[in-house]
Amino acid sequence: MEQVLANGLYLGAQYALIALGLTLIFALMNVLNFAHGQLYVLGGFVTYTIYGQLEMPFVAALFAAAVTLALVGGLMERFLFRTVLKRSVREESTMLLAAGTAFFLDAIILLIFGEKQRGVPKIVDGVFNWDFRLIMPYDRILIGFLAIFAIAAFVLYMQYSKTGRALRALAQDRVAAQLMGVNVDRYSMIGFALGAMLAGVVGGLLVTITGVNSGIGGPISIKAFMMVMIGGAGVISGAIAGGFILGMLESVGLSVLHSYGDITYLMIFASLMVFLSIRPQGLMGKPWG
Amino acid sequence: MTRTTKIVGVGAVLAILLVGIPALINISGRWDLYYTLTSVALLSIASGGVWLTFYIGRINIGQGAYALMGGYVSAILVVKYGVSFWLTLPIAGLFCGAVSVLIGIPILRLRGVYFAMITLVLTEVARLSMLALPITNGAKGITNIPLPGAVEVFGLTLIPDFATLSNAKPAFYYLSIVLMILCFAGLYRLVNSRLGKLCRSLQQNEELASSIGVNIAYLRVVAYVISSFLGGIGGATFAAISQSVYPSSFTIADSINFMLNCFLGGLGYVFGPMLGTLVLYFGWDLLFQTGEFQLLIFSTVLIALILALPNGLLSLRFSKAGKESVGRE
């Protein structure tokens with residue numbers, strides 16, 4: 001049981017970090033970013049190139065992934081989403097754009113990095129073993145703690161920095177924020193970049209454990225959507241809760257339902273549908289987000 | 001547009017679809033186009049369903065679930081119980097409609113992104129259920145579905161047995177084109193009826209509609225049921241044409257494509273999904289020669305299109321209805 005819980009916590013920390021980026025973008029622009037999983041994959045590949053191939057330190061690779069993704073996110077907002085949001089009659093048109101961007105990133109990733117599964121050398125060796133009740137490789141523990149550290153840093157940043165305050169104001173009420181002198185265009189771009197950066201950082205962290213391949217973007221996006229829905233779209237605490245809940249459900253489900261065959265995900269998805277029809281706004285969301 | 005020009009226009013479109021295109025294919029010898037056009041017709045039926053849910057203001061990314069369900073219902077009935085395909089086609093549609101009542105009543109209370117995401121999850125639930133249920137044969141799917149049989153009334157053959165035809169492709173083309181015409185004629189009629197106007201009121205403001213006495217809960221379910229019915233019909237015919245159905249026949253990617261078809265054609269136009277499906281499907285096919293750059297070019301064009309025409313291709317139209325879209329087919 002300890003093993004299952006520890007696995008759940010470790011998964012949950014990663015998931016929460018992915019969901020944070022998605023929910024931030026959603027809160028700011030009301031855009032459902034289909035390309036979020038692709039941003040994650042891109043982060044993984046940047047880390048793989050710099051740490052795995054050029055053999056530079058892991059921290060440098062992670063930093064490079066963060067910067068690259070922030071840049072990509074900023075450009076996406078500036079040149080794609082902003083234009084469409086301004087011009088279209090129905091704001092759902094951004095969904096088409098997001099899906100198109102997801103295809104585009106998929107194509108780019110496939111062309112540059114190929115279709116092979118890529119892995120990198122472990123960052124630390126050894127396995128933590130507590131009496132055979134809890135076995136966890138040290139690198140997983142380290143990555144888990146790094147993820148939790150990143151979540152904490154993000155929350156503090158949103159809570160206490162000037163940028164964070166502006167972003168939260170923007171998420172609450174766009175017009176009111178503008179009236180208070182927040183530069184809406186600039187902070188939308190920063191927010192989008194920040195969201196993309198978070199996806200890139202998780203990609204960079206997880207490439208050391210699960211590796212990365214060009215096909216996992218879509219499934220990651222769907223998982224991120226689920227976490228955001230569990231917690232409530234556009235709510236930061238909700239995304240964190242959703243991430244940990246999904247991590248736990250997966251970990252517990254895979255061990256408990258193991259004997260019934262491969263039905264863990266069916267159960268998770270089905271119960272999510274029931275949950276959402278009872279509580280449409282998720283755990284902490286505003287009604288009709 | 002006057003009544004006569006309308007009738008002439010519709011007649012011309014029907015003639016092109018039913019006589020012109022088969023004749024052209026016969027002359028040019030491009031028999032493969034039959035398959036492409038059949039697929040376009042069927043996919044546009046399913047997209048038409050998605051379009052109807054857009055019409056009541058809901059983003060539906062769950063049509064793949066109903067298409068898959070329809071395919072399996074028809075396939076299981078044909079293979080395991082020996083029912084005629086022609087009977088299973090409406091049964092598949094009605095089954096999907098019935099299921100969508102049960103699913104729709106709770107989830108249609110959701111709006112915006114929440115509805116979009118829960119329907120996305122629904123697609124995944126359908127795929128995983130088809131993998132897990134005992135009757136669906138798991139990942140191996142159902143293969144070797146027999147071709148549709150003959151329909152005879154008092155010894156008069158209305159539809160010949162597809163298996164006895166030397167080439168079943170034109171037969172399937174006619175089948176799916178007729179289905180598509182029926183589907184879009186129905187949608188056109190629906191949108192221009194009292195029900196259609198009520199649906200439009202839902203799209204604009206549900207509270208306001210409800211306050212002046214529109215039964216919004218009932219209307220939403222009706223629209224969703226029609227949408228799922230169309231999805232089921234499309235899926236069932238698709239299973240009959242490919243003579244097989246797998247859990248991966250309709251996945252999240254397909255659900256997203258159905259939605260993209262509607263967006264691309266334009267959400268404000270009944271014939272939008274038809275045009276969108278045609279452009280997306282043919283565009284993808286044409287780019288096949290570019291090899292590894294296929295997806296890159298496709299997505300770049302898609303992004304450019306949405307940047308230039310954020311309200312869909314039909315927002316380019318010059319006259320009133322979307323007749324040109326049908327003409328271009």
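**Figure 1. Aromatic pair Phe85(B) and Trp86(B) in the predicted model.** Phe85(B) and Trp86(B) are both buried in this structure, which is a predicted model. Their ring centres lie 5.2 Å apart and their planes meet at 70 degrees, so the pair is classed as edge-to-face. Over all chains, a search of the whole structure finds 20 aromatic pairs.

Figure 2. The rings of Phe81(A) and Phe192(A) form a tilted pair, with 5.2 Å from centre to centre and 35 degrees between the planes. Because Phe81(A) belongs to helix α3 (residues 58-87) of chain A and Phe192(A) to helix α8 (residues 184-206) of chain A, the pair ties together parts that are 111 residues apart in sequence. Phe81(A) is buried, at 0% relative accessibility, and Phe192(A) is buried as well, with a relative accessible area of 1%. Elsewhere, Phe45(A), Tyr48(A) and Phe113(A) make up one aromatic cluster.

Figure 3. Gly204(A) is located in helix α8 of chain A and is buried, its relative accessible area being 0%. Leaving aside residues up to four places away in sequence, Gly204(A) touches Gly43(A), Gly44(A), Thr47(A), Phe58(A) and Leu62(A). Between Gly204(A) and Arg140(A), 64 residues apart in sequence, the C-alpha to C-alpha distance is 13 Å.

**Figure 4. Nonpolar surface patch of chain A.** Val124(A), Phe128(A), Trp130(A), Tyr138(A), Leu142(A), Leu146(A) and Phe149(A) together make a nonpolar surface patch of about 630 Å². Two or more residues of this patch come from each of β1 (127-130) and α5 (138-160) of chain A. The most is given by α5(A), which supplies four residues. Leu142(A) is placed in helix α5 of chain A and counts as partly exposed, at 35% relative accessibility.

**Figure 5. Salt bridges of chain A.** The structure holds seven salt bridges over all chains. In one of them, Asp139(A) is joined to Lys122(A), with the closest N and O atoms 3.3 Å apart. Asp139(A) lies in helix α5 of chain A and Lys122(A) in the loop between α4 (93-113) and β1 of chain A, so this pair ties together parts that are 17 residues apart in sequence. Asp139(A) is buried, with a relative accessible area of 3%, whereas Lys122(A) is partly exposed at 46%. A salt bridge also joins the side chains of Lys223(A) and Glu250(A), at 3.5 Å from N to O. Since Lys223(A) is in helix α9 of chain A and Glu250(A) in helix α10 of chain A, the pair ties together parts 27 residues apart in sequence. Lys223(A) is partly exposed, with a relative accessible area of 23%, while Glu250(A) counts as buried at 4% relative accessibility.

**Figure 6. Salt bridges of chain B.** Arg127(B) and Glu124(B) form a salt bridge whose closest N and O atoms are 2.9 Å apart. The two residues are three places apart in helix α5 of chain B, and are therefore separated by about one helical turn. An α-helix has 3.6 residues a turn, so residues three or four places apart point the same way. Arg127(B) is partly exposed at 24% relative accessibility, and Glu124(B) is buried, with a relative accessible area of 14%. A network of salt bridges links Arg58(B), Glu206(B) and Arg220(B).

**Figure 7. Helix α11 of chain A and its packing.** Helix α11 (residues 264-278) of chain A has 15 residues, which at 1.5 Å a residue should span 21 Å; the end C-alpha atoms are 21 Å apart, in agreement. Its buried residues are Thr264(A), Leu266(A), Ile268(A), Phe269(A), Leu272(A), Met273(A), Leu276(A) and Ser277(A). These buried residues pack against α9 (217-231) and α10 (236-256) of chain A, and also against α4 (85-107) and α5 (112-132) of chain B.

**Figure 8. Surroundings of Ser228(B).** Ser228(B) is situated in helix α9 (residues 216-242) of chain B and is buried, at 0% relative accessibility. Apart from residues up to four places away in sequence, Ser228(B) touches Gln63(B), Tyr66(B), Cys96(B) and Ser100(B).

**Figure 9. Loop residues with positive phi.** Glu55(A), although not a glycine, has a positive phi of about 55 degrees. Glu55(A) is found in the loop between α2 (36-53) and α3 of chain A and is exposed, at 65% relative accessibility. Asn144(B), likewise not a glycine, has a positive phi of about 55 degrees. Asn144(B) is placed in the loop between α5 and β1 (151-153) of chain B and counts as exposed at 68% relative accessibility.

Terms used: Residues numbered from 1 in each chain as written. Chains lettered and ligands numbered in written order. Predicted model: local features only at pLDDT ≥ 70, side-chain atom pairs only at ≥ 80, totals over all residues. Heavy atoms only, no water. Patch = residues over 30% accessible without salt bridge, like charges linked within 9 Å, V, L, I, M, F, W, Y side chains within 5 Å. Areas by Shrake-Rupley, 256 points an atom, 1.4 Å probe, with all protein chains shown as cover. Salt bridge = Lys/Arg side-chain N within 4 Å of Asp/Glu carboxyl O. Buried < 20%, exposed > 50% of the residue type's maximum accessible area, 1.4 Å probe, protein only. Expected span 1.5 Å × (residues − 1). Contact = heavy atoms within 4.5 Å. Phe/Tyr/Trp six-rings, centres within 6.5 Å; stacked < 30°, edge-to-face > 60°.
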